[in-house]
Amino acid sequence: MQVSERGTTMEQLNEMQLKTVETQLKELFPQSQQEGDLFKDTCVFTKDEASFRNILGENNIIDWTKFLCLGTSLCYEEMMMAVASERKVPVNKVSVSHMMMLQDPSRLSPVESAIESMISSLDESHTDLVNKTWKFGNTENSFQMIRNMIRHYPSCCVLDAESQLPIAWVLTYPSCAMGMLYTLQEHRGQGLAKALVSSMSRRLYSQGFPVYCFVEEENTLSYNLFTNLGFTEDPQYRAAWFDFNSL
(Lines give C-alpha, C1' and ligand atoms only; values in the text may rest on other atoms or scores of the structure.)
Protein backbone atom coordinates (compact mmCIF):
# COMPACT_ATOMS: atom_id res chain seq x y z
CA MET A 1 0.00 0.00 0.00
CA GLN A 2 1.24 3.48 -0.85
CA VAL A 3 -0.04 6.57 0.92
CA SER A 4 -0.02 10.26 0.12
CA GLU A 5 0.12 13.03 2.69
CA ARG A 6 -2.26 15.99 2.37
CA GLY A 7 -2.21 18.12 5.45
CA THR A 8 -2.80 15.62 8.23
CA THR A 9 -4.92 13.11 6.31
CA MET A 10 -3.79 9.96 4.54
CA GLU A 11 -5.21 8.30 1.46
CA GLN A 12 -4.52 5.14 -0.53
CA LEU A 13 -3.48 5.81 -4.14
CA ASN A 14 -4.71 3.96 -7.21
CA GLU A 15 -2.39 2.67 -9.95
CA MET A 16 -2.58 5.81 -12.08
CA GLN A 17 -1.90 8.07 -9.10
CA LEU A 18 1.06 5.91 -8.11
CA LYS A 19 2.55 6.31 -11.60
CA THR A 20 2.21 10.09 -11.33
CA VAL A 21 3.81 10.14 -7.88
CA GLU A 22 6.64 7.90 -9.09
CA THR A 23 7.46 10.32 -11.90
CA GLN A 24 7.46 13.30 -9.53
CA LEU A 25 9.56 11.55 -6.90
CA LYS A 26 12.22 10.53 -9.42
CA GLU A 27 12.84 14.21 -10.15
CA LEU A 28 13.54 14.95 -6.48
CA PHE A 29 14.79 11.60 -5.20
CA PRO A 30 16.60 10.79 -2.97
CA GLN A 31 16.62 14.16 -1.15
CA SER A 32 12.81 14.08 -1.12
CA GLN A 33 12.90 11.04 1.15
CA GLN A 34 13.10 12.91 4.40
CA GLU A 35 12.29 10.07 6.76
CA GLY A 36 12.40 6.31 6.89
CA ASP A 37 12.19 3.67 9.59
CA LEU A 38 15.20 1.52 8.72
CA PHE A 39 13.86 -1.68 10.26
CA LYS A 40 10.23 -1.45 9.14
CA ASP A 41 10.40 -0.48 5.43
CA THR A 42 8.55 2.79 6.08
CA CYS A 43 9.43 5.78 3.88
CA VAL A 44 8.03 9.32 3.90
CA PHE A 45 8.62 11.56 0.89
CA THR A 46 8.37 15.33 1.21
CA LYS A 47 10.39 18.48 0.49
CA ASP A 48 8.19 20.62 2.74
CA GLU A 49 9.40 21.10 6.32
CA ALA A 50 5.92 21.86 7.69
CA SER A 51 4.48 18.69 6.15
CA PHE A 52 7.37 16.69 7.56
CA ARG A 53 6.73 18.12 11.03
CA ASN A 54 3.02 17.28 10.75
CA ILE A 55 3.81 13.69 9.81
CA LEU A 56 6.08 13.33 12.83
CA GLY A 57 3.26 14.64 14.99
CA GLU A 58 0.65 12.14 13.78
CA ASN A 59 -0.19 9.29 16.14
CA ASN A 60 -1.46 6.90 13.45
CA ILE A 61 1.66 6.98 11.25
CA ILE A 62 4.55 6.21 13.61
CA ASP A 63 4.32 4.07 16.73
CA TRP A 64 6.46 6.03 19.17
CA THR A 65 6.12 3.38 21.88
CA LYS A 66 8.43 0.97 20.04
CA PHE A 67 12.04 0.99 18.87
CA LEU A 68 12.57 3.19 15.80
CA CYS A 69 15.59 3.97 13.67
CA LEU A 70 14.67 7.00 11.56
CA GLY A 71 16.83 8.37 8.76
CA THR A 72 16.47 11.93 7.49
CA SER A 73 18.44 14.98 6.43
CA LEU A 74 20.86 16.21 9.10
CA CYS A 75 19.30 19.67 8.80
CA TYR A 76 16.28 18.26 10.68
CA GLU A 77 18.28 17.17 13.72
CA GLU A 78 16.79 19.90 15.92
CA MET A 79 13.29 18.90 14.85
CA MET A 80 13.95 15.23 15.63
CA MET A 81 15.23 16.10 19.09
CA ALA A 82 12.20 18.32 19.71
CA VAL A 83 9.80 15.56 18.68
CA ALA A 84 11.57 13.11 20.98
CA SER A 85 11.21 15.59 23.84
CA GLU A 86 7.51 16.10 23.11
CA ARG A 87 6.96 12.34 22.93
CA LYS A 88 9.08 11.80 26.04
CA VAL A 89 11.13 9.11 24.33
CA PRO A 90 14.93 8.70 24.44
CA VAL A 91 16.79 9.54 21.23
CA ASN A 92 20.34 9.03 20.03
CA LYS A 93 22.02 10.18 16.81
CA VAL A 94 23.80 7.03 15.61
CA SER A 95 25.17 7.94 12.20
CA VAL A 96 25.89 10.83 9.83
CA SER A 97 26.61 9.97 6.21
CA HIS A 98 27.56 11.32 2.80
CA MET A 99 25.02 10.61 0.09
CA MET A 100 26.93 9.34 -2.94
CA MET A 101 25.34 9.16 -6.42
CA LEU A 102 26.48 7.72 -9.75
CA GLN A 103 24.91 9.39 -12.77
CA ASP A 104 26.17 7.07 -15.51
CA PRO A 105 27.34 3.53 -14.59
CA SER A 106 28.07 2.80 -18.27
CA ARG A 107 31.44 4.48 -17.74
CA LEU A 108 32.50 1.96 -15.10
CA SER A 109 35.42 -0.29 -15.96
CA PRO A 110 34.53 -3.92 -16.78
CA VAL A 111 34.63 -6.40 -13.89
CA GLU A 112 37.55 -8.83 -14.13
CA SER A 113 36.35 -12.07 -15.71
CA ALA A 114 37.75 -14.19 -12.87
CA ILE A 115 35.67 -12.27 -10.33
CA GLU A 116 32.64 -11.89 -12.57
CA SER A 117 32.32 -15.67 -12.85
CA MET A 118 32.04 -15.84 -9.05
CA ILE A 119 29.29 -13.20 -8.71
CA SER A 120 25.84 -14.39 -7.72
CA SER A 121 22.91 -13.22 -5.58
CA LEU A 122 22.34 -13.78 -1.88
CA ASP A 123 19.61 -16.14 -0.71
CA GLU A 124 17.80 -16.45 2.62
CA SER A 125 20.32 -18.96 3.97
CA HIS A 126 22.88 -16.11 4.02
CA THR A 127 20.78 -13.86 6.26
CA ASP A 128 22.57 -14.80 9.48
CA LEU A 129 26.02 -14.16 7.99
CA VAL A 130 25.05 -10.68 6.79
CA ASN A 131 23.31 -9.90 10.07
CA LYS A 132 26.33 -10.86 12.18
CA THR A 133 28.74 -8.73 10.15
CA TRP A 134 26.59 -5.59 9.73
CA LYS A 135 27.58 -2.76 12.06
CA PHE A 136 23.98 -2.20 13.17
CA GLY A 137 22.96 -5.86 13.01
CA ASN A 138 23.05 -8.94 15.22
CA THR A 139 19.53 -8.38 16.55
CA GLU A 140 16.19 -9.99 15.76
CA ASN A 141 14.91 -6.77 14.17
CA SER A 142 17.93 -6.55 11.87
CA PHE A 143 17.68 -10.26 11.00
CA GLN A 144 14.08 -9.85 9.84
CA MET A 145 14.95 -6.70 7.89
CA ILE A 146 17.92 -8.31 6.12
CA ARG A 147 15.94 -11.42 5.27
CA ASN A 148 13.24 -9.24 3.72
CA MET A 149 15.85 -7.32 1.72
CA ILE A 150 17.35 -10.54 0.37
CA ARG A 151 13.89 -11.88 -0.50
CA HIS A 152 12.57 -8.83 -2.30
CA TYR A 153 15.39 -6.54 -3.43
CA PRO A 154 18.52 -6.89 -5.59
CA SER A 155 21.72 -8.20 -4.03
CA CYS A 156 25.14 -9.24 -5.30
CA CYS A 157 27.72 -11.48 -3.71
CA VAL A 158 30.98 -13.22 -4.53
CA LEU A 159 30.89 -16.94 -3.77
CA ASP A 160 33.92 -18.89 -2.58
CA ALA A 161 34.94 -21.36 -5.28
CA GLU A 162 35.13 -24.29 -2.86
CA SER A 163 32.48 -23.72 -0.19
CA GLN A 164 30.06 -21.77 -2.43
CA LEU A 165 29.46 -19.45 0.53
CA PRO A 166 29.51 -15.63 0.21
CA ILE A 167 32.84 -13.97 0.91
CA ALA A 168 31.70 -10.46 -0.09
CA TRP A 169 28.32 -8.88 -0.71
CA VAL A 170 26.20 -5.76 -1.20
CA LEU A 171 22.45 -5.40 -0.68
CA THR A 172 19.76 -2.91 -1.68
CA TYR A 173 17.47 -1.17 0.80
CA PRO A 174 13.75 -0.67 0.07
CA SER A 175 14.67 2.97 -0.70
CA CYS A 176 16.87 1.63 -3.54
CA ALA A 177 20.12 2.69 -1.83
CA MET A 178 22.97 0.20 -1.96
CA GLY A 179 24.24 -0.82 1.45
CA MET A 180 25.79 -3.35 3.84
CA LEU A 181 28.81 -3.66 1.55
CA TYR A 182 31.16 -6.12 3.23
CA THR A 183 34.12 -8.37 2.46
CA LEU A 184 35.31 -11.04 4.86
CA GLN A 185 38.64 -10.07 6.41
CA GLU A 186 40.66 -12.88 4.82
CA HIS A 187 39.46 -11.96 1.30
CA ARG A 188 40.12 -8.22 1.35
CA GLY A 189 42.49 -6.49 -1.04
CA GLN A 190 41.31 -8.46 -4.09
CA GLY A 191 38.99 -5.84 -5.58
CA LEU A 192 35.82 -7.73 -4.62
CA ALA A 193 33.98 -4.69 -3.23
CA LYS A 194 34.78 -2.68 -6.36
CA ALA A 195 33.48 -5.50 -8.54
CA LEU A 196 30.26 -5.84 -6.56
CA VAL A 197 29.48 -2.12 -6.55
CA SER A 198 30.15 -1.95 -10.29
CA SER A 199 27.95 -4.96 -11.00
CA MET A 200 25.10 -3.75 -8.79
CA SER A 201 25.29 -0.21 -10.19
CA ARG A 202 24.89 -1.46 -13.75
CA ARG A 203 22.02 -3.71 -12.72
CA LEU A 204 20.09 -0.94 -10.96
CA TYR A 205 20.73 1.57 -13.73
CA SER A 206 19.56 -0.85 -16.42
CA GLN A 207 16.27 -1.28 -14.54
CA GLY A 208 15.66 2.45 -14.29
CA PHE A 209 16.59 2.90 -10.63
CA PRO A 210 18.78 5.68 -9.23
CA VAL A 211 22.27 4.51 -8.28
CA TYR A 212 23.27 5.83 -4.87
CA CYS A 213 24.39 4.90 -1.38
CA PHE A 214 25.16 6.39 2.01
CA VAL A 215 28.71 6.34 3.41
CA GLU A 216 29.37 7.20 7.05
CA GLU A 217 31.58 10.27 7.49
CA GLU A 218 34.27 8.31 9.31
CA ASN A 219 34.38 5.50 6.71
CA THR A 220 37.16 6.90 4.53
CA LEU A 221 37.90 3.56 2.83
CA SER A 222 34.36 3.25 1.48
CA TYR A 223 34.24 6.95 0.61
CA ASN A 224 37.41 6.61 -1.47
CA LEU A 225 36.10 3.42 -3.11
CA PHE A 226 32.89 5.05 -4.29
CA THR A 227 34.64 8.27 -5.29
CA ASN A 228 37.15 6.35 -7.41
CA LEU A 229 34.24 4.60 -9.13
CA GLY A 230 32.78 7.96 -10.16
CA PHE A 231 30.24 8.52 -7.38
CA THR A 232 29.79 12.15 -6.36
CA GLU A 233 28.10 13.85 -3.43
CA ASP A 234 26.12 16.98 -2.72
CA PRO A 235 28.42 18.79 -0.23
CA GLN A 236 25.40 20.66 1.17
CA TYR A 237 23.56 17.45 2.11
CA ARG A 238 24.15 15.00 4.95
CA ALA A 239 21.92 12.12 5.99
CA ALA A 240 21.51 11.18 9.63
CA TRP A 241 19.96 8.28 11.51
CA PHE A 242 18.34 8.54 14.93
CA ASP A 243 17.45 5.74 17.34
CA PHE A 244 14.32 6.16 19.44
CA ASN A 245 13.52 3.87 22.38
CA SER A 246 16.81 2.05 21.84
CA LEU A 247 16.96 -1.28 23.64
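Trainee: Which residue in β10 is the bridge partner of Trp169?

Mentor: This is a predicted model, in which local features need pLDDT of at least 70, side-chain atom pairs count only at pLDDT 80 or more, and totals for chains, interfaces and linings use all residues. Residues are numbered from 1 along each chain as its sequence is written; side-chain values use heavy atoms, without hydrogens and water. Strand β10 covers residues 178-183, a strand being a DSSP run of E with at least two residues, numbered from the N terminus. The partner of Trp169 in β10 is Tyr182.

Trainee: How many bridges pair β9 with β10?

Mentor: Two strands count as paired if DSSP finds at least two bridges between them. β9 and β10 run in the antiparallel sense, and their hairpin has 5 residues between the strands, with Cys176 at a positive phi near 85°. The number of bridges between β9 and β10 is 4.

Trainee: Which residue stands opposite Trp169 on the β8 side?

Mentor: Strand β8 (residues 155-159) is antiparallel to β9, and 5 bridges join them. Their hairpin has 6 residues between the strands, and Gln164 in the turn has a positive phi of about 60°. Opposite Trp169 stands Cys157.

Trainee: How many residues of β9 are buried?

Mentor: Buried means under 20% relative accessible area, found with a 1.4 Å probe and protein chains only. β9 runs over residues 166-172 and is mostly covered. One of its residues is Thr172, which is buried because its relative accessible area is 2%. The count for β9 is 7 of 7.

Trainee: Which residue's backbone oxygen does the side chain of Thr172 reach?

Mentor: Contact means heavy atoms within 4.5 Å. Not counting residues up to four places away in sequence, Thr172 touches residues including Met149, Tyr153, Ala177, Met178, Met200 and Leu204. At 2.8 Å, its side chain reaches the backbone oxygen of Pro154.

Methods:
Buried means under 20% relative accessible area, exposed over 50%, partly exposed in between (1.4 Å probe, protein chains only). A polar contact is a pair of N or O atoms within 3.5 Å; within protein, one must be able to donate a hydrogen and the other to accept it, and residues adjacent in sequence count only if both atoms are side-chain atoms.
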